[in-house]
Amino acid sequence: MSPEPIHVVRPFLPPLAEYVQELESIWETHHLTHSGPKHQALTAALADYLSVPQVSLFANGHLALEAALQTLGVTGEVITTPFTFASTTQAIVHSGATPVFCDITADSYVMDPELIESLITDRTSAILPVHVYGNLCDHARIQEIADAHGLKVIYDAAHAFGVTKDGIGVGSYGDVSMFSFHATKVFHTIEGGGLTFADERLSQEFAAWRQFGQYGKEDSGAIGTNAKLTEFGAAMGLVNLRHIDATIEARRQLTLRYREHLASVPGLSLGEDIPGIRHNYAYLPVVFDPEEFGRSRDDVLRDLADNDIYARRYFHPLTSQFSVFEGRFPAEQTPVAAGIADRVLTLPLYAGLPASEVDRICEVVLAGR
Ligand SMILES: Cc1ncc(COP(=O)(O)O)c(C=O)c1O
């Protein structure tokens with residue numbers, strides 16, 4: 001048995017000396033926050049890495065999403081997916097709009113574009129799809145629908161850092177995309193997040209939003225909040241960016257190893273690579289068919305915990321089923337999402353996880369059948 005418990009993720013840390021070296025100039029400038037030199041350098045470096053025209057940085061991904069919704073003037077109803085982290089839905093509610101839940105596809109768990117039009121009403125102002133696990137939404141079809149109905153499209157790309165399709169960064173889709181740079185993500189700034197977009201004018205709006213709506217130094221021209229990324233976070237981002245390609249390659253190798261053990265087992269569904277897409281291997285979701293596999297997702301979750309391995313039920317429950325909504329959104333409205341939420345388990349995956357541990361995790365998954 002491994003001496004250390006294995007969790008679903010473990011934050012990446014670069015060599016300490018590299019981070020310390022990156023911090024040294026902060027001691028010279030005393031510039032700790034407020035869009036300092038690190039913030040500016042990271043903004044430029046991320047625009048380059050993500051191949052997007054504009055990047056705006058925030059204290060976390062959630063506030064970045066709220067900034068996008070509020071700055072684009074989203075009101076009324078927002079069509080979104082319930083198969084996501086709490087943040088997506090709460091950003092809509094916190095911004096004063098109502099989430100309208102669209103079901104997902106059974107193979108990649110993203111919003112099913114063919115269902116969107118049936119949910120549009122005269123109150124709909126935006127579509128908020130999620131590239132869940134880094135799986136790409138059908139952005140071309142979603143844009144077509146949005147254009148036909150005059151809707152904004154804001155992507156939750158929290159999981160999709162570094163994903164490209166035919167060489168184009170996913171942050172180029174829609175009006176705005178949000179990336180999370182939380183410690184557990186493929187790329188991180190400890191806490192942090194970013195918006196990517198093409199419309200240059202939004203830059204100033206987002207900068208004001210994260211500093212109490214201040215366009216200058218004294219007056220507030222809008223209602224915003226405090227959502228600034230610190231220079232320490234930005235410095236961590238600058239260092240981590242040097243390691244990102246190696247990180248993604250390590251995740252790819254581990255994913256291939258999981259697939260070797262599990263992909264052809266009856267009753268288990270693992271994702272696969274799609275030609276033309278550069279995946280980031282952000283998560284390792286496995287969907288169980290208990291009849292065919294012989295054990296349920298929750299049986300396997302327990303077996304793993306008995307071995308000090310902590311997989312997670314991402315994403316269960318659906319955000320539409322949170323107790324705070326008190327039954328307002330019946331799960332039957334999104335039957336595919338409800339079925340996946342009941343059967344999905346996300347297995348440990350992070351750069352630095354030994355391949356031998358992947359072998360052991362897979363042994364435990366398969367042992368009880
Ligand atoms: C799908 C999704 N959306 C939004 C967020 C919010 O990001 P953050 O934790 O940076 O606020 C997260 C992550 O935690 C997420 O997984």
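Tutor: Helix 1 (residues 16-29) and helix 7 (residues 231-262) pack with their axes 9 Å apart and at an angle of about 140°. Axes here are lines fitted to C-alpha atoms over the stretch in contact, and angles run from 0 to 180 degrees between N-to-C directions. Helices (H or I, at least four residues) and strands (E, at least two) are DSSP runs numbered from the N terminus. This is a predicted model, in which local features need pLDDT of at least 70 and side-chain atom pairs count only at pLDDT 80 or more, while totals for chains, interfaces and linings use all residues. Residues are numbered from 1 along each chain as its sequence is written, and side-chain values use heavy atoms, with hydrogens and water left out.

The crossing of helix 1 past helix 7 is right-handed, a term for the near helix being turned clockwise from the far one by less than a right angle. On the helix 1 side the contact (heavy atoms within 4.5 Å) is made by Glu 18, Tyr 19, Glu 22, Leu 23, Ile 26 and Trp 27. Helix 7 contributes residues including Phe 232, Met 236, Leu 238, Val 239 and Arg 242. By class, this contact has nine nonpolar residues, one polar and four charged. Nonpolar covers Ala, Val, Leu, Ile, Met, Phe, Trp, Tyr, Cys and Pro; charged covers Asp, Glu, Lys and Arg; the others, Gly among them, are polar.

Next, the ligand. The shell around the ligand holds three nonpolar, 10 polar and two charged residues. Helix 3 (61-71), helix 4 (86-94) and strand 9 (176-180) each supply at least two residues of that shell. A polar side-chain atom of Asp 156 lies 2.7 Å from a nitrogen atom of the ligand. A side-chain N or O atom of His 159 is 2.8 Å from a ligand oxygen, and for Lys 185 a polar side-chain atom lies 3.0 Å from an oxygen atom of the ligand. Such pairs of N or O atoms within 3.5 Å are polar contacts. The protein covers 91% of the 380 Å² of accessible area (Shrake-Rupley, 1.4 Å probe) that the ligand has on its own.

Last, the backbone. The peptide bond from Tyr 314 to Phe 315 is cis, with omega near 10°, and so is the bond from His 316 to Pro 317, with omega near -5°. Phe 315 lies in the loop between strand 14 (309-310) and helix 10 (335-343).

Definitions and conventions
A polar contact is a pair of N or O atoms within 3.5 Å; within protein, one must be able to donate a hydrogen and the other to accept it, and residues adjacent in sequence count only if both atoms are side-chain atoms.
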